[in-house]
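Here are my notes for you, as a few numbered points. Have the model open while you read.

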Amino acid sequence: MDRPEVGWIAAIIIGGLAGWLAEMFMKSNTGVLMNIILGIVGAALASFLLGLIGVGFGGWLGYLVAGFIGACILIALARMLSGSRV
């Protein structure tokens with residue numbers, strides 16, 4: 001229990017920021033709600049994938065980095081599957 005957890009409200013705020021950063025980096029055009037969803041789901045995805053190789057993030061900054069990485073992965077996957085720019 002040494003690892004600090006991020007609360008729900010903080011997850012929404014940090015997820016929105018991570019999604020927005022990914023939106024700017026990937027040059028996609030998503031809205032605020034989609035940014036929040038991308039950031040939160042992206043953080044869970046990136047934490048899982050990075051955990052497979054032994055990398056773990058904790059706290060607010062770790063959640064932001066994981067959310068950014070995961071959101072970029074999700075945007076790239078959506079582009080590949082749809083064949084268009086998301």
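1. Let me start with Asn35, which is found in helix H2 (helices, H or I, of at least four residues, and strands, E, of at least two, are DSSP runs numbered from the N terminus). Asn35 is buried, at a relative accessible area of 5%; buried means under 20%, exposed over 50% and partly exposed in between, with a 1.4 Å probe and protein chains only. Leaving aside residues up to four places away in sequence, Asn35 touches Gly15, Gly16, Gly19, Trp20, Glu23 and Thr30, where contact means heavy atoms within 4.5 Å.

2. A word on the source: this is a predicted model, in which local features need pLDDT of at least 70 and side-chain atom pairs count only at pLDDT 80 or more, while totals for chains, interfaces and linings use all residues. Residues are numbered from 1 along each chain as its sequence is written, and side-chain values use heavy atoms, with hydrogens and water left out.

3. Now the overall layout. The protein has three helices and zero strands, and its elements run α-α-α from the N terminus on. Of the 86 residues, 36% are buried. Among contacts with a separation of 6 or more, 70% are between residues 24 or more positions apart.

4. Which residues form an aromatic pair? Phe25 and Phe68 do, edge-to-face, at 5.5 Å centre to centre and 65° between the planes. The rule pairs rings of Phe, Tyr and Trp (its six-membered ring) whose centres lie within 6.5 Å, with planes under 30 degrees apart counted as stacked, over 60 as edge-to-face and the rest as tilted; the count comes to one pair. Because Phe25 lies in helix H1 (residues 8–26) and Phe68 in helix H3, the pair ties together parts 43 residues apart in sequence. Phe25 is exposed at 56% relative accessible area, whereas Phe68 is partly exposed at 25%.

5. Please look at the surface too. The protein exposes about 5,600 Å², with carbon and sulfur atoms supplying 75% of it (Shrake-Rupley method, 1.4 Å probe; for residues, only the protein chains shown count as cover). A nonpolar patch with about 1,000 Å² of accessible area together includes Phe48, Leu52, Ile69 and Met80. Helix H2 (32–52) and helix H3 (59–82) are the elements that give two or more residues to the patch, and H3 supplies the largest share, six residues. One of the patch residues is Ile69, which lies in helix H3 and counts as partly exposed at 32% relative accessibility. Patch members have over 30% relative accessible area and no salt bridge, with like charges joined within 9 Å and nonpolar side chains (Val, Leu, Ile, Met, Phe, Trp, Tyr) within 5 Å; a salt bridge is a side-chain nitrogen of Lys or Arg within 4 Å of a carboxyl oxygen of Asp or Glu.
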